[in-house]
Amino acid sequence: MIPVDAFDLKLLAALQNDGRLTNQQLADVAGLSASQCSRRRMRLEQEKVITGYHADLSAEALGFGVIAFIQVTLATHSPDNAKKFRALVARVDEIQEAYSLTGDADYVLKAVLRDLKGLSSLVNDVLMPHQSVAHVRSSIVLDRLKETSRLPLKAVG
């Protein structure tokens, strides 16, 4: 963890809301000069606090109507088997997020798909036949209550 002060937190919070803000716009938010904001932004980028900038796309507008969470249990718990599964996950574009877990399942995957046929194909043609996988259980999202990638930035102290 790197040290961040109240000004850094203001900059980060503003950039979370709009990554296209200019240094002058950040200066107006943070109460600093544009050059100070530029230096702080560069430091936060260099220290990998800011890891990138991107456009948020609407899955629905682009025809991705199904979100599913898929629990996967591996066939064996060897390092080689886990490596093969991780390689599979990395290759599949429909899998947006993947987490290793404690508990009954070894992994949970978040997948975005155009339709239920796409989910069926992912489960039956990609995951289940893979040599590293023993069991797959999927849940389809009925309604999204909240979605954010924003961190809860608050000044400490």
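Lys48 is exposed, with a relative accessible area of 61%; exposed means over 50%, buried under 20% and partly exposed in between, with a 1.4 Å probe and protein chains only. The model is predicted: local features need pLDDT of at least 70, side-chain atom pairs count only at pLDDT 80 or more, and totals for chains, interfaces and linings use all residues. Residues are numbered from 1 along each chain as its sequence is written, and side-chain values use heavy atoms, with hydrogens and water left out.

**Overall build**

- The chain has five helices and four strands. Both are DSSP runs numbered from the N terminus: helices are H or I with at least four residues, strands are E with at least two.
- Starting at the N terminus, the order of elements is α-α-α-β-α-β-β-α-β.
- The radius of gyration is 20 Å, whereas a compact globule of 157 residues would have one near 15 Å. The value is taken over C-alpha atoms, and the globule rule is 2.2 Å times the number of residues to the power 0.38.
- Along the principal axes, the C-alpha atoms fill a box of roughly 60 × 40 × 25 Å.
- Of the 157 residues, 29% count as buried.
- Among contacts with a separation of 6 or more, 63% come from residues 24 or more positions apart. Contact means heavy atoms within 4.5 Å.

**Surface and charge**

- The chain exposes about 10,800 Å², and carbon and sulfur atoms supply 54% of that area. Accessible areas come from the Shrake-Rupley method with a 1.4 Å probe; for residues, only the protein chains shown count as cover.
- There are 19 positive and 18 negative side chains, and the centres of the two sets lie 4 Å apart. Lys and Arg count as positive, Asp and Glu as negative; His and the chain ends are not counted. Each charge is placed at NZ of Lys, CZ of Arg, CG of Asp or CD of Glu.

**Strand E3 and its partners**

- Strand E2 (residues 95-100) pairs with strand E3 (residues 107-113) in the antiparallel sense over five bridges. Pairing requires at least two DSSP bridges between two strands.
- Ile95 has Ala111 as its bridge partner in E3.
- Six residues lie between the strands in the E2 and E3 hairpin, where Gly103 takes a positive phi near 100 degrees.
- Strand E1 (residues 66-74) also runs antiparallel to E3, joined by seven bridges. Ile67 has Val112 as its bridge partner in E3.
- E3 is mostly covered, with seven of its seven residues buried.
- Tyr107, Leu109, Ala111 and Leu113 point one way from E3, while Val108, Lys110 and Val112 point the other way. In a regular strand the side chains alternate between the two faces of the sheet.

**Two loop residues**

- Lys48 lies in the loop between helix H3 (34-46) and E1. Its phi is positive, about 65 degrees, although Lys48 is not a glycine. Most residues other than glycine have a negative phi.
- Gly19 sits in the loop between helix H1 (6-17) and helix H2 (23-30). At 30% relative accessibility, Gly19 counts as partly exposed.
- Gly19 touches Arg41 and Tyr53, leaving aside residues up to four places away in sequence.
- Gly19 and Glu60 are 41 residues apart along the chain, and their C-alpha atoms are separated by 22 Å.
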